[in-house]
Amino acid sequence: MKAFNQLVVRTLPLVPRRLVRVFSARYVAGENLEDALAVVRRLNAEGCMATLDVLGEDVTRVEETERTVEEYRRALDTMASDGVDSNISVKLTALGLKIDPAECRRQFARILDAAEQHGTFVRIDMEDSSVTEETIRIYFEARGRTERVGLVLQAYMRRSAADTARAAAGSANVRVCKGIYVEPPEVAFQEREEIRRSYAAMVDTLLGAGCYVGIATHDEVLVERALATIARLKLPREAYEFQMLLGVTPALRRRLVAAGHRLRVYVPYGEAWYGYSMRRLKENPAIAGHIVKNFFMGGERV
Ligand SMILES: Cc1cc2nc3c(=O)[nH]c(=O)nc-3n(C[C@H](O)[C@H](O)[C@H](O)COP(=O)(O)OP(=O)(O)OC[C@H]3O[C@@H](n4cnc5c(N)ncnc54)[C@H](O)[C@@H]3O)c2cc1C
């Protein structure tokens, strides 16, 4: 399987841009806000909430952050005037975290202010391990100003048990995911079962501490474990939500919605779709494998 995934990734640069667009159409809502809002409206009609992500990360010049902030502000205004059920997810490296943390904090504050005006929640995505600590720090600084901000913790990170304890103590709103960036064994668990154990323990700790948890996974084993914890703790549906990526496991998504659970779909959009798709595929060849399999084996759309 690994060899197949690697082969897919190696041949990607030879694939014409138009064809990559076809592959990525399932996972990326489009190039502009209007495309993304059309997807959000469709998801809302199916009973799902959404979170909008303006594509763009790891900027190399501070000026590039300005465009991202302006696009988020436009998205927040339009979401509010359209009345769609969506919040936003933000990557701090797209605001310059790796080049100028002070500027990143300033730009993030502008997004938070705009979100506050509309009462919209802001989730800070978690990126590679070089920025984990600083991202958590920026989250806690923001949490001092507003409750409408949330963190992401990755189950594959060895440090996450300690970070979960910190988050639980601070009543954080946490999205728990497995983690998508390739990290070395000293930093992250590599084995599927180890990652699952870590994931389930984090969800149990956070839900047990009364934190609002975004259970972000398409792994049915983890969905079942989370459902068992929710039942054991007798949690109301307002205490948690499931989260999935656009275009991934729509049947599982529909099952959870039909059973009465809250479910949010991550909707990325933007002009940077090509770079984003290519980077994601190169970073994690397993995803390239999923995409090609789904494409040729005719998985369900949206
Ligand atoms: C809402 C949301 C937000 C996320 N935010 C972050 C973040 O901030 N930081 C971060 O590092 N990671 C993030 N991730 C990604 C996450 O870390 C995982 O890499 C990803 O969700 C795959 O893990 P899984 O739990 O679904 O389990 P897996 O075992 O990887 O997947 C279970 C099954 O789901 C299907 N599947 C999963 N992913 C895909 C895909 N891309 N395409 C097609 N099929 C797929 C496959 O059928 C697979 O067998 C997020 C994921 C979600 C759902």
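**Salt bridges and a helix**

Guide: Glu133 is partly exposed, with a relative accessible area of 27% (buried means under 20%, exposed over 50%, and partly exposed in between, using a 1.4 Å probe and protein chains only). This is a predicted model, in which local features need pLDDT of at least 70 and side-chain atom pairs count only at pLDDT 80 or more, while totals for chains, interfaces and linings use all residues. Residues are numbered from 1 along each chain as its sequence is written, and side-chain values use heavy atoms, with hydrogens and water left out.

Visitor: Which residue does Glu133 meet in a salt bridge?
Guide: The side chain of Glu133 meets that of Arg166, at 3.1 Å from N to O; a salt bridge here is a side-chain nitrogen of Lys or Arg within 4 Å of a carboxyl oxygen of Asp or Glu. The pair links distant parts of the chain, since Glu133 is in helix α6 and Arg166 in helix α7, 33 residues apart (helices are DSSP runs of H or I with at least four residues, strands are runs of E with at least two, and both are numbered from the N terminus).

Visitor: And Arg166, is that buried, partly exposed or exposed?
Guide: Arg166 counts as partly exposed, at 33% relative accessibility.

Visitor: What does Glu134 pair with?
Guide: Glu134 forms a salt bridge with Arg137, where the closest N and O atoms are 2.9 Å apart. Both residues lie in helix α6, three residues apart, which is about one turn of the helix. Salt bridges that share partners join Arg105, Glu133, Glu134, Arg137, Glu141, Arg159, Asp163 and Arg166 into one network.

Visitor: How many salt bridges does the count come to?
Guide: The count comes to 30 salt bridges.

Visitor: New topic: which residues of α7 are buried?
Guide: In helix α7, residues 160–169, the buried ones are Ser160, Asp163, Thr164, Ala167 and Ala168. They lie on the same side of α7 because they cover an arc of only 140 degrees around the axis, the arc being that of the directions from the helix axis to the C-beta atoms.

Visitor: What do they pack against?
Guide: The buried residues of α7 pack against α6 (132–143), β4 (149–154), β5 (174–177) and α8 (192–208), where contact means heavy atoms within 4.5 Å.

Visitor: Which exposed residues are on the face turned away?
Guide: That face of α7 carries the exposed residues Ala161, Ala162 and Ala169.
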